[in-house]
Amino acid sequence: MKQTSWVIRTEHPSDTATVEELQAEAFGPGRFARTAFRIRENVPHREDLSFVVVAGSSIAASIRLSPIMIGETRALLLGPLTVSPDFKNRGLGKALMRTAMEAAEAAGDKVVLLVGDAPYYGPFGFAQVPFGKITLPGPVDPARLLVACLNDADMPEGAVHGGWDEAAEAAAS
Ligand SMILES: CC(C)(COP(=O)(O)OP(=O)(O)OC[C@H]1O[C@@H](n2cnc3c(N)ncnc32)[C@H](O)[C@@H]1OP(=O)(O)O)[C@@H](O)C(=O)NCCC(=O)NCCS
C-alpha cells in the first residue's frame, strides 16, 4: 500500500543523492542542458529555503531555491520542483510551493524567478515576465518565464546569472 501520510522538512546535505535521483527521473539526461539547470550550476541552493517531503522512509518530493542576480538585484531561482511519479496529484507539489514561498517571504527575500507553467504557478503569486525585461543566459520560452515579487518589492530588470554578486551590488549603490 502506498504511504499516505507525509511531512515537509528542510533538505539536509544527506538528502542530496536522493533529491538528484528524483530530478534525473523527472527531467532525464537532457536536464543539464536546460537553461535553468545551467544557471544553478556550481551555485549552492539556499539550505533554509529548500525542502523535501518525507513519506515513511523515502523522499517523495523536493523543491529548491537558489541565489541569482537579476541585473544588480539579489533574487532567487525556484526549482527544480520535483514530485516522485508515485506521489503525483496528491498535493505535494502545491504544499512545497506554499512552504518555500512563505519561507522566502519570511526571510526577507524579494524576488523569485522560475521557468514553468503559468497555470500551475500563478496561484502562488507568479506572473509572466514582460517580454525582454529579464534575460537568461540561454533559450527559454518567454511564456514560461515567471516572476513573483515579495515584501512589496518592485520587479527587477536585467540579465540573470547564478549566485549573489556583491561586487555588482556595490557598484550599483
Ligand atoms: C509539476 C509537478 C511538480 C506537480 O506536482 P504534484 O504534486 O503532482 O501536483 P499537485 O498535487 O500539487 O497539484 C495537482 C494539480 O496541478 C495540476 N498540474 C500538474 N502539473 C501541471 C502543469 N504543468 N501545469 C498546470 N497544471 C498542472 C494537476 O492537473 C492538478 O490539478 P487539479 O488539482 O485541478 O486536479 C509534478 O508533476 C512533477 O514533478 N513534474 C515533473 C517535473 C516538473 O515538471 N516540475 C515543474 C517544473 S520545475
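Begin by selecting β3 together with strand β9 (residues 158-162), which pair in the antiparallel sense over three bridges; strands here are DSSP runs of E of at least two residues, helices are runs of H or I of at least four residues, both numbered from the N terminus, and two strands pair if DSSP finds at least two bridges between them. Within this pairing, Ile68 has Gly162 of β9 as its bridge partner. Before going further, note that this is a predicted model, in which local features need pLDDT of at least 70 and side-chain atom pairs count only at pLDDT 80 or more, while totals for chains, interfaces and linings use all residues. Residues are numbered from 1 along each chain as its sequence is written.

Now move to β4 (73-83), which is antiparallel to β3 and joined to it by nine bridges, with Leu77 of β4 as the bridge partner of Ser66. Here too there is a hairpin with two residues between the strands, where Gly71 in the turn has a positive phi of about 60°.

Colour β3 by burial, where a residue is buried if 20 or more other C-beta atoms, placed from the backbone, lie within 10 Å of its own: 11 of the 13 residues of β3 are buried, so this strand is largely enclosed by the rest of the structure.

Centre on Leu114, which, leaving aside its neighbours within four places in sequence, is in contact (C-beta atoms within 7 Å) with Leu77, Leu78, Gly79, Tyr121, Phe126 and Leu146.

Finish at the ligand, with 17 residues around it (C-beta atom, placed from the backbone, within 6 Å), of which Val83, Lys88, Gly93, Lys94 and Asp117 come nearest. Two or more residues of this shell come from each of β4, α3 (92-106) and α4 (118-121), and β4 gives the most, with five residues.

Methods: Two residues are in contact if their C-beta atoms, placed from the backbone, lie within 7 Å. A residue is buried if 20 or more other C-beta atoms lie within 10 Å of its own, exposed if 12 or fewer, and partly exposed in between; C-beta atoms are placed from the backbone.
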